[in-house]
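Here is a short briefing for a reader new to this structure. Look at the model first, then work through the points below.

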Protein chains: 2
Amino acid sequence: TTMPGSLPVNAESCWPKDVGIVALEIYFPSQYVDQTELEKYDGVNAGKYTIGLGQSKMGFCSDREDINSLCLTVVQKLMERNSLSYDCIGRLEVGTETIIDKSKSVKTVLMQLFEESGNTDVEGIDTMNACYGGTAALFNAINWIESSSWDGRYALVVAGDIAVYATGNARPTGGAGAVAMLVGPNAPLIFERGLRGTHMQHAYDFYKPDMVSEYPVVDGKLSIQCYLSALDRCYAVYRNKIHAQWQKEGTDRHFTLNDFGFMIFHSPYCKLVQKSVARLFLNDFLGDQNLETANSVFSGLEAFRDVKLEDTYFDRDVEKAFMKASAELFNQKTKASLLVSNQNGNMYTPSVYGCLASLLAQ
Amino acid sequence: TTMPGSLPVNAESCWPKDVGIVALEIYFPSQYVDQTELEKYDGVNAGKYTIGLGQSKMGFCSDREDINSLCLTVVQKLMERNSLSYDCIGRLEVGTETIIDKSKSVKTVLMQLFEESGNTDVEGIDTMNACYGGTAALFNAINWIESSSWDGRYALVVAGDIAVYATGNARPTGGAGAVAMLVGPNAPLIFERGLRGTHMQHAYDFYKPDMVSEYPVVDGKLSIQCYLSALDRCYAVYRNKIHAQWQKEGTDRHFTLNDFGFMIFHSPYCKLVQKSVARLFLNDFLGDQNLETANSVFSGLEAFRDVKLEDTYFDRDVEKAFMKASAELFNQKTKASLLVSNQNGNMYTPSVYGCLASLLAQ
């Protein structure tokens with residue numbers, strides 16, 4: 001067999017209850033570029049950034065801030081606002097792709113905040129892969145709390161980045177900020193168990209090979225394709241996993257977007273998130289077994305019954321039809337999550353958690 | 001209370017049994033610098049590197065290798081030698097501080113090996129903090145297998161680095177290599193539960209702020225102090241934890257080095273490891289409650305009864321006396337682990353796992 005094992009039958013009764021996010025803090029710069037001003041400055045059509053990308057403002061750091069100061073600020077704020085002692089943190093991990101040292105982690109810099117408490121028994125370091133680092137750190141924190149290594153204390157997850165682009169199409173999609181999350185049991189925001197869908201692939205859509213430049217090298221078109229195809233795959237994996245879980249529980253039906261309370265995304269720019277909701281709706285449509293769509297949510301989409309996901313990343317007819325058909329879904333389940341993204345821009349690793357904060361705040 | 005929770009009472013019966021290292025592969029360059037030749041080239045006294053540092057050879061990469069190729073090689077070797085399918089890996093994490101891209105992880109490069117299998121549902125990315133990345137990745141892998149996220153598949157942990165130094169004292173302490181470890185339940189090499197001792201602190205002893213240089217900035221003396229003081233703290237934390245565990249089980253005695261079967265270390269150079277054994281022995285001595293040492297292992301060390309750990313990092317009398325007193329301990333429990341370190345040098349993140357491989361092979 002290729003599977004070395006399986007979860008113990010009685011496992012669910014043993015892990016701490018309701019592991020999730022206990023508290024969340026967000027910090028982003030007080031300076032911003034108004035995107036209508038940037039449109040004028042760049043000499044592009046009015047609305048290209050504000051409507052085309054869906055971005056109103058872009059936060060930026062002054063030369064008095066760097067990745068270390070962003071993360072120090074957000075951690076200190078979280079600890080103070082929740083009246084937490086630094087003793088009660090047993091794990092601290094940082095997700096970032098703003099690398100200003102090739103060896104010393106931001107985590108070690110944050111240990112300065114712990115000095116007075118004398119607490120140095122704190123696992124976790126920095127974790128890096130483009131915008132995914134914050135999520136990797138969060139998953140690691142949850143795993144820690146469910147493992148034999150857990151010592152009863154909280155895990156602290158920090159995601160922070162400064163996103164700046166060279167002159168050109170990508171420049172208006174910058175931003176900056178940091179999010180800190182306190183992770184523990186008995187949380188108000190609980191993570192599902194056994195249902196993560198992951199897609200990992202080798203691609204050169206976005207990378208930072210120039211070590212002295214803050215700017216990434218970006219293949220914009222490939223990047224969108226990577227985003228949408230990864231979304232397709234993750235949703236498929238997620239649906240397979242929850243379908244299997246439901247079957248075990250005696251329910252035999254397929255998962256659709258109706259089963260989600262809300263949908264939040266990593267947001268490079270707001271319009272891509274709206275397109276992603278349409279994309280998931282396309283996935284539901286293509287997976288729908290019922291060919292009689294006249295009175296269903298898929299009414300009017302019959303012409304697209306035979307399209308293939310991998311042919312439609314840049315198909316404007318498909319995009320337009322499914323954006324329209326999913327508009328209400330977007331308004332109900334996703335729009336509120338885009339407040340910080342719209343007002344501050346892409347923060348890279350904290351982006352999706354800025355969306356979470358936006359949703360929770362409204 | 002500052003403690004948000006505690007482990008469920010019945011937890012031990014629920015985690016998969018015997019989680020640990022199922023298979024291990026090591027790869028290091030076939031080229032090396034003979035340290036006696038380097039002594040001549042550098043115009044230093046014969047024996048400065050070979051005896052003073054305890055290093056015989058230093059592996060180095062040609063310009064046909066980089067961190068990606070080292071890690072690709074070691075993973076492919078592990079998979080082939082153990083006849084494993086890439087389908088059976090559910091997590092892959094890389095520890096490294098050899099950063100050639102500030103955003104794209106080595107992990108994504110390794111995903112090329114998975115392409116034929118179609119397996120893209122593989123969590124984990126890169127993790128970075130000096131030489132600690134491999135250990136962080138290993139701890140994360142173990143946590144994953146004990147968590148609700150585990151899907152029954154193996155975790156793969158990769159640690160790899162190319163260690164090169166500018167001309168000067170640190171240059172002979174370079175090296176290069178990579179280790180891959182397959183982590184799963186029912187392992188022949190099992191990790192203890194709840195007994196990790198961690199010490200994390202903000203320090204500028206070793207860092208890489210020059211983004212275009214392969215070389216770290218090193219404060220050699222501070223670095224040794226950091227190493228030894230962290231060793232003191234980790235051993236103290238470990239002893240406290242195992243003492244508490246023993247008390248729970250009804251045994252009330254203190255842990256000493258006699259309780260270790262073997263002791264392996266991160267090895268910047270072999271002599272520092274030998275000094276570390278002496279250092280741990282000093283810890284045992286200072287913690288020993290029995291003042292009558294005449295017939296004990298501490299015989300002849302009475303003069304050092306009142307020294308303080310924090311005053312002795314560079315105390316040559318203490319070092320000499322405890323090196324001598326712990327020589328047999330070193331020979332029995334540590335020496336065999338230094339084969340790769342002596343013959344290839346410091347690999348940074350894989351160093352301690354090269355020591356493990358050396359020990360297992362003899």
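A crossing of two helices is called left-handed if the near helix is turned anticlockwise from the far one by less than a right angle, and right-handed if clockwise. By that rule, helix 5 of chain A passes helix 5 of chain B in a left-handed crossing. The model shown here is predicted.

**Helix 5 against helix 5**

- Helix 5 covers residues 133-146 in chain A and residues 133-146 in chain B. The two axes come within 8 Å and cross at roughly 60°.
- From chain A, the contact uses A:Asn140, A:Asn143, A:Trp144 and A:Glu146. From chain B, B:Asn140, B:Asn143, B:Trp144 and B:Glu146 take part.
- By class, this contact of helix 5 of chain A with helix 5 of chain B has two nonpolar, four polar and two charged residues.

- Strand 5 (residues 126-128) of chain A pairs with strand 5 (residues 126-128) of chain B. The pairing is antiparallel and runs over three bridges.
- In that pairing, A:Thr127 stands opposite B:Thr127.

**Annotated positions in chain A**

- An unreviewed UniProt entry lists A:Glu97, A:Cys131 and A:His266 under "active site".
- A:Cys131 lies in the loop between strand 5 and helix 5 of chain A. Not counting residues up to four places away in sequence, A:Cys131 touches A:Glu97, A:His266, A:Tyr348 and A:Thr349.
- A:His266 sits in the loop between helix 6 and helix 7 of chain A. Leaving aside neighbours within four places in sequence, the contacts of A:His266 include A:Cys131, A:Tyr227, A:Asn346 and A:Tyr348.
- The unreviewed entry in UniProt also gives residues 15-188 of chain A as "domain: Hydroxymethylglutaryl-coenzyme A synthase N-terminal". This span is 27% helix and 26% strand. Its end C-alpha atoms lie 17 Å apart.

**Helices 6 and 7 of chain A**

- Helix 6 (residues 220-248) and helix 7 (residues 270-287) of chain A pack at an angle of about 45°, with their axes 10 Å apart. That makes helix 6 of chain A oblique to helix 7 of chain A.
- Helix 6 of chain A passes helix 7 of chain A in a right-handed crossing.
- Helix 6 of chain A brings residues including A:Ile224, A:Tyr227, A:Leu231 and A:Arg239 to the contact. Among those from helix 7 of chain A are A:Leu272, A:Arg279 and A:Asp284.
- The contact of helix 6 of chain A with helix 7 of chain A has seven nonpolar, two polar and four charged residues.

**Helices 7 and 8 of chain B**

- Helix 7 (residues 270-287) and helix 8 (residues 316-325) of chain B pack at an angle of about 90°, with their axes 8 Å apart. That makes helix 7 of chain B roughly perpendicular to helix 8 of chain B.
- B:Phe281, B:Leu282 and B:Phe285 are among the contact residues of helix 7 of chain B. Helix 8 of chain B contributes B:Val318, B:Glu319, B:Phe322, B:Met323 and B:Ala325.
- The contact of helix 7 of chain B with helix 8 of chain B divides into eight nonpolar, one polar and three charged residues.

Definitions and conventions:
Residues are numbered from 1 along each chain as its sequence is written. Chains are lettered from A and ligands numbered from 1 in the order in which they are written. This is a predicted model: local features need pLDDT of at least 70, side-chain atom pairs count only at pLDDT 80 or more; totals for chains, interfaces and linings use all residues. Side-chain values use heavy atoms; hydrogens and water are left out. UniProt positions are given in the numbering used here, feature names are shortened, and annotations may be inferred rather than shown by experiment. Helices (H or I, at least four residues) and strands (E, at least two) are DSSP runs, numbered from the N terminus. Two strands pair if DSSP finds at least two bridges between them. Axes are lines fitted to C-alpha atoms, for helices over the stretch in contact, and angles run from 0 to 180 degrees between N-to-C directions. Angles under 35 degrees count as roughly parallel, over 145 as roughly antiparallel, 65 to 115 as roughly perpendicular and the rest as oblique. Contact means heavy atoms within 4.5 Å. Ala, Val, Leu, Ile, Met, Phe, Trp, Tyr, Cys and Pro count as nonpolar, Asp, Glu, Lys and Arg as charged, and the others, Gly among them, as polar.
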